[in-house]
Amino acid sequence: MAAVDSFYLLYHEVARSCSSYMETLALVGAWYTARKSIGLLCDCYSLIRLYFIPRLVRRTDLSKQYGKWAIITGGTDGIGKAYAEELASRGMNIILISRNREKLENVTQAIMKTYQVEAAFIVADFSKGREVYLPIQKTLSGIEIGILVNNVGAFYDYPQYFTKIPEEKLWDIININITAASMMVHMVLPRMVTRRKGAIVNISSASCCKPTPQVAAYSASKAYLDHFSRALQYEYASKGIFVQSLTPFLVATNKTTYHGFLYQNRWVAPSPETYAYHAVSTLGVSARTTGYWFHSIQHPTEEIRMVVASILGSVTSFIENTQFLVARYMPEWLWVWVTQNVNTSLRQKALSRTSVLSCGKELKS
Ligand SMILES: NC(=O)c1ccc[n+]([C@@H]2O[C@H](COP(=O)([O-])OP(=O)(O)OC[C@H]3O[C@@H](n4cnc5c(N)ncnc54)[C@H](OP(=O)(O)O)[C@@H]3O)[C@@H](O)[C@H]2O)c1
């Protein structure tokens, strides 16, 4: 009995002295939960604000907001073409810049006919470096450029180790992904600043978020675009210019067919038209976005991923099964591990396809 009494006495003494610690811990717990809940609510709100509210309200005439003409580099295929059409559907006149004259003629004709806007084109190959910009500058003088979309981009043909990338391809990545965007901005921004309105969209990539092995030069060039855009936004927002870094994941274009299974899943890899429809609605709203709601779920926070994961059980297992890329808050080692595996498998598939294709040839030592 004496032992039981002493135990209760001891228990009450310990509980009394711990109660202040417990209260402190409870407060910390409540603060943490409140912070996470508010963060989650804010993320859900921005997702709705960014991707769903613009679908409910009437489409704004972008030419009134930014200026009459939009330039889209690499606008005859994939995301660039779809983005040009989406801008035209919102009242912008269109100027396309890419290499192939016939494609340029066809796309500009189709845009004029379908959307009843003006459209023109400039033939230029951005891989040529410095020489292409003076003719472009002369052609554009006197035209009120409201929106510049730096879309043109050079990819690896498939993921590959850096030493195996041909020198020519590296020059293309630098000239097309980095130089073209920088020079085009340098060309059009001064007049936008004078008019105190305009928008610049730089199409980066989700691979800009962290170092991505086996697409090292490509992901680094996209990181340049992302930082460039964000810094410009800080410099010029107060002068009436909106600069957006668009960081898509996979979009189903000619360049991404080698992704096979992922390419075919339209949730993961939307068509360029679906992607452009969503991305254009984020113009003027978010300075840094993937541009597509499902890609954003893969991006913003662990919490959103977890909520979506619990709602969409089957999607979650799909995501896990395919080692689905990215979350901004993924630790770097995990990102590298995932991308190494995905890229190694994509490279092996691409190489095995190449060797199947070359089977019909006579091989000599
Ligand atoms: N697709 C994706 O999953 C994805 C994901 C993240 C980021 N991105 C980025 O989105 C952008 C567009 O990609 P996409 O998949 O839509 O490409 P795409 O379908 O291959 O289209 C490329 C466009 O660029 C033009 N072009 C290519 N090389 C050029 C050059 N040297 N000079 C001038 N024009 C050139 C092409 O037209 P011509 O052949 O007629 O010149 C075409 O209009 C790229 O910057 C890419 O990095 C794409």
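Predicted model: local features only at pLDDT ≥ 70, side-chain atom pairs only at ≥ 80, totals over all residues.
The chain contains 13 helices and seven strands. Of its 365 residues, 46% count as buried. Among contacts in the chain with a separation of 6 or more, 73% are between residues 24 or more positions apart.

Two packed helices are described by the angle between their axes and the distance between the axes. For helix α6 (residues 167-195) and helix α7 (residues 216-236), the axes come within 9 Å and cross at roughly 10°. Because angles under 35 degrees count as roughly parallel, α6 is roughly parallel to α7. The crossing of α6 and α7 is right-handed. On the α6 side, the contact is made by Leu 170, Ile 173, Asn 177, Ile 178, Ala 181, Ser 182, Val 185, Leu 189 and Val 193. Helix α7 contributes Ala 217, Tyr 218, Ser 221, Lys 222, Tyr 224, Leu 225, Phe 228, Leu 232 and Tyr 236. The residues of this contact comprise 14 nonpolar, three polar and one charged.

Val 107 lies in helix α4 (residues 101-115). Its relative accessibility is 9%, so Val 107 counts as buried, the cut-off being under 20%. Leaving aside residues up to four places away in sequence, Val 107 touches Gly 75, Thr 76, Lys 81 and Leu 96. Between Val 107 and Ala 120, which are 13 residues apart in sequence, the C-alpha to C-alpha distance is 9.5 Å.

Definitions and conventions: Residues numbered from 1 in each chain as written. Heavy atoms only, no water. Axes fitted to C-alpha atoms, helices over the stretch in contact; angles between N-to-C directions. Helix = DSSP H or I, 4+ residues; strand = E, 2+ residues; numbered from the N terminus. Parallel < 35°, antiparallel > 145°, perpendicular 65-115°, else oblique. Left-handed = near helix turned anticlockwise from the far one by under 90°. Contact = heavy atoms within 4.5 Å. Nonpolar A, V, L, I, M, F, W, Y, C, P; charged D, E, K, R; others polar. Buried < 20%, exposed > 50% of the residue type's maximum accessible area, 1.4 Å probe, protein only.
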